[in-house]
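Dear colleague,

I am handing over the structure below, and my notes on it follow. Please read them alongside the model.

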Amino acid sequence: MRTLKVKGRVISGIGRGAYYVMKPEYSAFFERILKHSPFPGTLNIIVDSDITAEILPHTYAPKNYGAIKYAVGRFHEIPVIVIKPQKSVHPENVLEIVAPVSLRQKFNLKDGSEIEVYIFM
């Protein structure tokens, strides 16, 4: 399995991540991967313009909801899922991170904080 390091800068979202993460169709999927209930929200990062959702190798398409491209990964020691909803209102170079904890709180991240997340290909 190949690991890809993705560098990004934390940005604020529009507050809809929590709504979708907690929908049963998505939360059960995230919980299966994370082996833990997902934190109700996502951490948004803006990445280099040459990185887009195309790097995310998997697609999950629940019935009656929009599909997401995703990759399993880690941030520090925390298991994460890097996602790009196909119906996202964010630019192509904004990815969202689902985790079992609030990454903003645990790592004291603010808008503009630079991070590195590793995704498994």
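**Fold and largest pocket**

The protein chain holds 3 helices and 7 strands, where helices (H or I, at least four residues) and strands (E, at least two) are DSSP runs numbered from the N terminus. Along the sequence these follow the pattern β-α-α-β-β-β-β-β-α-β. The radius of gyration, taken over C-alpha atoms, is 13 Å, close to the 14 Å that the globule rule (2.2 Å times the number of residues to the power 0.38) gives for 121 residues, so the protein chain is as compact as a globular protein of that length.

This is a predicted model, in which local features need pLDDT of at least 70 and side-chain atom pairs count only at pLDDT 80 or more, while totals for chains, interfaces and linings use all residues. Residues are numbered from 1 along each chain as its sequence is written, and side-chain values use heavy atoms, with hydrogens and water left out.

Buried residues (under 20% relative accessible area, 1.4 Å probe, protein chains only) make up 44% of the 121 residues.

The largest pocket has a volume of about 660 Å³; a pocket here is an open set of points on a 1 Å grid over the protein atoms alone, where a 1.4 Å probe fits, with protein on both sides within 12 Å along at least five of seven lines, and the volume is the space filled by probe spheres set on the points. Its lining (residues with an atom within 4 Å of a point) comprises 35 residues, of which R16, G17, Y20, T42 and E96 lie nearest the centre of the pocket. Among the elements that give two or more residues to this lining are α2 (24-34) and β5 (78-85), but α1 gives the most, with 4 residues.

Kind regards

Technical notes
Buried < 20%, exposed > 50% of the residue type's maximum accessible area, 1.4 Å probe, protein only.
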